[in-house]
Amino acid sequence: MEVLPPTLSSACEQPLLYDGTTRLYMSYVCPYAQRAWITRNYKGLQEEIELVPMDMADKPAWYKKVYPKNQVPALEHNKKIIGESLDLIRYIDTNFDGPKLITNDPQKQRFAEELLGYSDAFNRAMLDGLRSKGPVTAEAVAALDKIDSSLSKFDYGPFFLSQFSLVDIAYAPFIDGFQIFFAGIKNYDITKGRVHIRKFIEELNKIDAYMQTKQDPEVLLALTKKKFGV
């Protein structure tokens, strides 16, 4: 089991930039950073890619010089910085050893691109549904139904492309998180009547690379309630 490094606050010093070490700047509680963290773990890159976890509420000032967008995740590799979580998980899959997370099947590749392109819209619909007053919005329900249907396209496996891939990594932190948040804030079970989403979450929880990145659901729920003023 990997011993995780402590979270860096504004008082912490910057690691020496471009010293040959490959570093993943991230937050333990950020789902976008979790995408890159899962990819790193699944490919067995714990020794190759060092984690640099940060407190996003008390971020070190030096990080903005490392990555001017001042967001996580970002990867320091070969004297450059790569950001944007969907770009980053592709980069890690392409440029490092380990099991490949991109399919060679043209039909699945097209479906993968469609789903990756939809992920931001899915997250927006779900976040808007959490923020809304009253019952869960029709847009959030439709987004969940679309994902449940998408998970059944290739019916010989529990994941989007049947086998675990970058598409699953893109959605995993959000689907799992929304299950917690909708139950805790809206008293709504996102898996009810959606057997494919339920199976997806069950199978995710059997993957060590994913489980190694999971945080206390009560902590995540408390952070989300604070963010939304609930």
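Is helix H1 mostly covered or mostly uncovered, and how many of its 12 residues are buried? H1 is mostly covered, with nine of its 12 residues buried. This is a predicted model, in which local features need pLDDT of at least 70, side-chain atom pairs count only at pLDDT 80 or more, and totals for chains, interfaces and linings use all residues. Residues are numbered from 1 along each chain as its sequence is written, and side-chain values use heavy atoms, with hydrogens and water left out.

**View 1. Helix H1 and its cover.** Helices (H or I, at least four residues) and strands (E, at least two) are DSSP runs, numbered from the N terminus. Buried means under 20% relative accessible area, exposed over 50%, and partly exposed in between (1.4 Å probe, protein chains only). The buried residues of H1 include Ala33, Trp37 and Ile38. Arg35 and Arg40 are buried too. Their cover includes strand E1 (22–26), strand E2 (49–53), H3, H4, H6 and H8. Gly44 follows H1, and its phi is positive, near 70 degrees.

**View 2. The length of H1.** Helix H1 runs over residues 31–42. The expected span of a helix is 1.5 Å times one less than its number of residues. For H1 that gives 16 Å, and the end C-alpha atoms are 16 Å apart, which agrees.

**View 3. The largest nonpolar core.** A nonpolar core is a set of buried Ala, Val, Leu, Ile, Met, Phe, Trp, Tyr and Cys residues joined through side-chain atoms within 4.5 Å. The largest one has 47 residues. Phe122, Ile147, Phe160, Tyr171, Ile175 and Phe178 have the most contacts inside it. The helices that each supply at least two residues include H4 (106–131), H5 (138–150) and H6 (166–186). H6 gives the largest share, 12 residues.

**View 4. Around Phe122.** Contact means heavy atoms within 4.5 Å. Not counting residues up to four places away in sequence, Phe122 touches Ala143, Leu144, Ile147, Tyr171, Ile175 and Phe178. Another core, of 26 residues, lies apart from the largest one. Among its members are Ala33, Val66, Tyr67 and Phe96.

**View 5. Two cysteines.** A disulfide is a pair of cysteine sulfur atoms within 2.5 Å. By this rule the count is zero. Cys12 is in no disulfide, and the nearest cysteine sulfur, that of Cys30, is 18 Å away. Cys12 is partly exposed, at 24% relative accessible area. Cys30 is buried, at 15%.
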